[in-house]
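Welcome! Please open the structure in your viewer and keep the selection tool at hand. We will go from stop to stop together.

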Amino acid sequence: MPPHDFLKTQTLRLATVRVGDLLNTPLESRFNRLAHLARCALGVQAATISLFDGEREWIKTADGANLWEELPLTQSLAASLSRDGVPVLVRDTLEDDRCRLHHLVTRTPGVRFFAVYPLRDQANNVIGALVAYDTAPRQSTDEMTRVLGDVGQLAQRELFLTEAAGAQERLLMKLSSARRQALLDDLTRLWNRRGGLQLLDHAIVNGAGQHEGLGVCIADLDRFKDVNDTHGHRAGDIVLKRSAATMVDSVRPGDAVCRLGGEEFLLIIPAVSVTELTDVLEHVRARVAAQMVRIGEVTIRVTLSLGGYLHAPNEPTTTEDLLQRADNAVYQAKAAGRNVVV
């Protein structure tokens, strides 16, 4: 079926899967983990979770891949293979008429194995897909089909659950998909500086009258200029994306990770004690330090310096004051030798 005929069937249309929907939302650990689980369980190079909105394929998360760009639906291989609403495993894309001329096959990354599990809404409409792919052909097995189905069902279930809490959830509910898009960082899929400042404003207001403090942290990748100078800016972009995803996976549900700019990030950790804040930030630091980013034959490791500040409840403050205090702390972390929490 030609792409334009396929779209006329209207089998791919976005329905409301939860309050505010998932389009143009920041990275979420629950989806990151599912993509990672799919990649490892299937033994493939990469896995993604995508959503279709009637005009485009929007990648919610990617593991093992550097694919973040959205695609027109007419150019989406995932959407095309999902049209019948059943799982599809293509052993070798060069031997499949549906795939052999697609740009993912003929150009970088040169996909040779492609597996798709369609994701549906409550009305049984296909609204997205769990995708696994490899640059080498693979023999499909019954076990591989079962694993794809198991992880796909987990991903579909997550579409109907709201995990974001506190200030993030309230901001998501207030904003349309288009307005959220303006608050997301294109590279890392985190909240951008503007979005982060709005979240911090919300957190300050919502923290009034609480018994626990508001944790604010500025995290800075150490010697990131060396990564760009040695390996190039493309490698630097990959390191930023992987580090951003690691930070999201390392904080608690309801905590927010934002990109202030460059290699500098803002972490908003509500309702914590000083001990809890330290524990969260140490966990983030250790996870980033342990990650190994492979780019071709090169493995890159980076560390974070983190400066945290715990704002006591019921004390007046401003976003500027909290950011300045966190900035002072990260300056001390750098001075203390980097890869530390202050």
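## A tour of salt bridges and cores

Begin by selecting R56: with a relative accessibility of 11%, this arginine counts as buried, since buried means under 20%. Keep in mind as you look around that this is a predicted model.

R56 and D53 form a salt bridge, and their closest N and O atoms are 2.9 Å apart. D53 has 25% relative accessibility, so this residue counts as partly exposed.

For a linked group, select E28, R30, K60, R157 and E158, which are joined in a network of salt bridges.

Next, go to helix 11, residues 274-290, and pick E282 and R285; they sit three residues apart there, about one turn of the helix. Their salt bridge brings the closest N and O atoms to 3.0 Å. Are these two partners buried or exposed? R285 is buried, at a relative accessible area of 19%, while E282, at 31%, counts as partly exposed.

Helix 12, residues 319-335, is the next stop. R325 and D321 are four residues apart in this helix, so about one helical turn separates them. Their side chains meet in a salt bridge, 3.1 Å from N to O. R325 counts as partly exposed at 38% relative accessibility, and D321 counts as partly exposed at 27%.

Time to look inside. In soluble globular proteins, nonpolar side chains tend to be buried together. Here, the largest nonpolar core has 34 residues, and L221, M247, F265, L267, I300, L304 and L306 are those with the most contacts inside it. Elements that each supply at least two residues of this core include strand 7 (213-221), helix 9 (224-231), strand 9 (264-272) and strand 12 (304-311). Which element gives the most to this core? Helix 10 does, with eight residues.

Select helix 10, residues 233-250, and check its length with the distance tool: its 18 residues should span 26 Å at 1.5 Å a residue, and its end C-alpha atoms are 25 Å apart, which agrees. Helix 10 is also mostly covered, as 14 of its 18 residues are buried.

Then zoom in on F265. Leaving aside residues up to four places away in sequence, F265 touches a number of residues, among them L190, C217, L221, L240, A244, M247 and C258.

For the last stop, select F31, L42, W58 and V147: they are included in a second, separate core of 24 residues.

How values were computed:
Residues are numbered from 1 along each chain as its sequence is written. This is a predicted model: local features need pLDDT of at least 70, side-chain atom pairs count only at pLDDT 80 or more; totals for chains, interfaces and linings use all residues. Side-chain values use heavy atoms; hydrogens and water are left out. The expected span of a helix is 1.5 Å times one less than its number of residues. Buried means under 20% relative accessible area, exposed over 50%, partly exposed in between (1.4 Å probe, protein chains only). A salt bridge is a side-chain nitrogen of Lys or Arg within 4 Å of a carboxyl oxygen of Asp or Glu. A nonpolar core is a set of buried Ala, Val, Leu, Ile, Met, Phe, Trp, Tyr and Cys residues joined through side-chain atoms within 4.5 Å. Contact means heavy atoms within 4.5 Å.
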